[in-house]
Amino acid sequence: MQTNLASWIADTPQGIEADAILRKCVHCGFCLATCPTYQLLGDELDSPRGRIYLMKQMLEGAEPTQTTQLHLDRCLTCRACESTCPSGVQYGRLADIGREVVELRVPRTAWDSLRRKVLKSLLPNTALFAFGLALGRVFKPLLPASLAKKVPAKRDAGAWPAARHARKMLVLDGCVQPAMAPSINAAAARVLDRLGVSLIVAPSAGCCGAIPQHLSDAEQSHAFIKRNIDAWWPHIRAGCEAVVVTASGCGTMVAEYGHILRGDPAYAEKAQLVSALFRDISQVIAAESTALSRLLAAKSAPAQKLAFHSPCSLQHGLQIKGVVEGLLRDAGYLLTAVPDGHLCCGSAGTYSLLQSELSQQLLANKVKALESGAPDLVATANIGCLAHIESGLNASSAKPIRHWIELIDERLAG
Ligand code: SF4
Ligand code: SF4
């Protein structure tokens, strides 16, 4: 489409990027069919094409309004539209630029500002979040059912193997995952240890930067990214061969570090290298699949029916499709069909907390789809989806849900 960006943004890095993205959109509307919010609300302004149009108007000089803010807030940033778009429109990047502009120009209500501030302070702070979660677990019996179902059960991490191998990889610990499910990274470390790779945590790394980015706080997000790069850099220089991420939502962020800091003279090069070294855990395990198959051959198959939820960040953000499913089949699980597997579960970072009505509708649809094949258990690849779907399963069939790497770990442990 033709564009004519306003002078206040046209020549900035954001303006140049937004202009290139907007020009690719041919308004065909193919993306509407796969957009979860358009499916639920049926309003063109809650579709990718409608949101692109709103952002175009704003970047061409129209003053953004509460309506612009509402429709951008309702977007999950699931990026299903990117998977569908025949023109390669990078909607997610455009939405980040659009949201930053709206955040600066459209005031939020006092309540909305307060809850966004609380989320920005609480979620990326692992110690504070762990304390809140521990309190939630203690008082769970006293909480209303709607809140109690959101408090996940405690999961013990188990042993973390000593760093005994010449091959070493870094792993992102992140912010909420160490408190909610320390078992996930520990399972990854045990599986990789059996495959001849030691997994290392850099203690001063933390939140990948996605939470403040979801809340349109680029400054805090960039500060978190730089802290992680500083924490990982000595290990990278010492020969760590990859930066592994077990939460696909965080993975999409680390994959973008190079792009996000491309204009930062002190960090641009390092950020590029970190993004080049980034691997989702499924990519790392798939690369070792021959050795893994040998190890699995000595164990008995579980013969359990499993429904896999592929997070949007995995299938649309990282474009990793079918890899985890293949690994789970190789490990002996019988995968059930999951209708509408391309649709978001409604977790989407802070979305489940800020847009709870839409999020709950998406969750109900997702739980129904996952349960439709009568699985014995459910697996996924992202802590946010795991916790969100667990709350839906708790209120329904109470089927267990695990990160898929925990299942591989259990299989290898026999
Ligand atoms: S599918 Fe792509 S080109 Fe078509 S309207 Fe959607 S974003 Fe634009
Ligand atoms: S990111 Fe998801 S919710 Fe947002 S416009 Fe695209 S498909 Fe719709």
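Modeller: Ligand 1 sits in the largest cavity, where sitting in a cavity or pocket asks that more than half of the molecule's atoms lie within 2 Å of its grid points. This is a predicted model, in which local features need pLDDT of at least 70, side-chain atom pairs count only at pLDDT 80 or more, and totals for chains, interfaces and linings use all residues. Residues are numbered from 1 along each chain as its sequence is written, chains are lettered from A and ligands numbered from 1 in the order in which they are written, and side-chain values use heavy atoms, with hydrogens and water left out.

Biologist: How many cavities of 30 Å³ or more does a search of the whole structure find, and what is the volume of the largest cavity?

Modeller: The search runs on a 1 Å grid over the protein atoms alone, and a cavity is a set of points where a 1.4 Å probe fits but cannot get out, with lining residues having an atom within 4 Å of a point. Grid points are joined across faces, edges and corners, and a volume is the space filled by probe spheres set on the points. On these terms the whole structure holds three cavities of 30 Å³ or more, and the volume of the largest cavity is about 130 Å³.

Biologist: Which element gives the largest share of the lining of the largest cavity?

Modeller: Of the 17 residues that line the largest cavity, Cys-25, Cys-31, Ile-52, Cys-85 and Val-89 are the closest to its centre. Helices and strands here are DSSP runs numbered from the N terminus (helices H or I, at least four residues; strands E, at least two), and the elements that give two or more residues to this lining are H4 and helix H6 (80-84). The largest share, three residues, comes from H4.

Biologist: Which residues are the closest to ligand 1?

Modeller: A residue counts as near a molecule if one of its heavy atoms lies within 4 Å of it. By class, the shell around ligand 1 has nine nonpolar, three polar and one charged residues, with Ala, Val, Leu, Ile, Met, Phe, Trp, Tyr, Cys and Pro counted as nonpolar, Asp, Glu, Lys and Arg as charged, and the others, Gly among them, as polar. Among the 13 residues that surround ligand 1, the closest are Cys-25, Cys-28, Gly-29, Cys-31 and Cys-85.

Biologist: Where does ligand 2 sit, and which elements give two or more residues to the shell around it?

Modeller: Ligand 2 sits in the second largest cavity, which holds about 80 Å³ of space. The residues around ligand 2 include Cys-35, Cys-75, Cys-78 and Cys-81, together with Arg-51, Arg-79 and Tyr-91, and by class its shell has eight nonpolar, two polar and two charged residues. The elements that give two or more residues to the shell around ligand 2 are helix H3 (36-41) and helix H4 (48-59).

Biologist: Which residues are the closest to the centre of the second largest pocket?

Modeller: A pocket, in contrast to a cavity, is an open set with protein on both sides within 12 Å along at least five of seven lines, and the second largest pocket has about 230 Å³ of space. Helix H7 (91-105), helix H8 (110-122) and helix H22 (351-354) each give two or more residues to its lining, which by class has six nonpolar, five polar and seven charged residues. Of the 18 lining residues, the closest to the centre are Asp-73, Arg-99, Arg-116, His-214 and Leu-354.

Biologist: Which residue of E8 stands opposite Ala-379?

Modeller: Strand E7 (residues 377-380) is covered on both faces, with Leu-377 and Ala-379 on one side and Val-378 and Thr-380 on the other all buried (under 20% relative accessible area with a 1.4 Å probe, protein chains only). Ala-379 is the bridge partner of Phe-308, and three bridges join strand E5 (residues 305-308) to E7. E7 also pairs over three bridges with strand E8 (residues 401-403), where the residue opposite Ala-379 is Arg-402.

Terms used:
Buried < 20%, exposed > 50% of the residue type's maximum accessible area, 1.4 Å probe, protein only. Pairing = 2+ DSSP bridges.
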